[in-house]
Amino acid sequence: MLLNPFCPLTTAKVLALKATVLLLLTLLIKARVQIVAGSALGISLLLLQVLVFLAVSGTLVLAGGAALVATQHRRPATA
C-alpha cells in the first residue's frame, strides 16, 4: 500500500494502527506463554501430589502389616 505524502494524518493513523496491532500481538503471545507455563506448573504439582499420596499410603500399609505381624507373634499358639 502506497502512502500519500500529502496526507500526514493518514500516515499517523496507519502507524498508530500498526503499533496497536504489534502491542496486541505481543500481549497475546505473552498470555499464551503464561498459560503454557501455568499448565506445566499445575501438572508438576499434580504429579507431586500423587507421589506424596502413594508414599503415605504405602507407609500406612507397611505400618499396618507390621502391626498385624507383631500381634500375631505376641499371641500364644493355641493347639
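**Overall picture**

Buried residues account for 0% of the 79 residues in the protein chain. Please bear in mind that this is a predicted model. The chain contains 1 helix and 0 strands. Its accessible surface amounts to about 7,300 Å², and carbon and sulfur atoms contribute 78% of that area.

Which residues make the nonpolar patch of about 580 Å²? The patch is formed by Leu41, Leu45, Leu48, Val52, Val56 and Leu60. One of these residues, Leu45, sits in helix H1, which covers residues 8-74.

My last point concerns Thr71, which also belongs to helix H1. Is Thr71 exposed or partly exposed? Its relative accessible area is 34%, and Thr71 is therefore partly exposed, since that class lies between the 20% and 50% limits.

Thank you for your attention.

Note on methods: Residues are numbered from 1 along each chain as its sequence is written. This is a predicted model: local features need pLDDT of at least 70, side-chain atom pairs count only at pLDDT 80 or more; totals for chains, interfaces and linings use all residues. Side-chain values use heavy atoms; hydrogens and water are left out. Helices (H or I, at least four residues) and strands (E, at least two) are DSSP runs, numbered from the N terminus. Buried means under 20% relative accessible area, exposed over 50%, partly exposed in between (1.4 Å probe, protein chains only). Accessible areas come from the Shrake-Rupley method with a 1.4 Å probe; for residues, only the protein chains shown count as cover. Patches are made of residues with over 30% relative accessible area and no salt bridge: like charges are joined within 9 Å, nonpolar side chains (Val, Leu, Ile, Met, Phe, Trp, Tyr) within 5 Å. A salt bridge is a side-chain nitrogen of Lys or Arg within 4 Å of a carboxyl oxygen of Asp or Glu.
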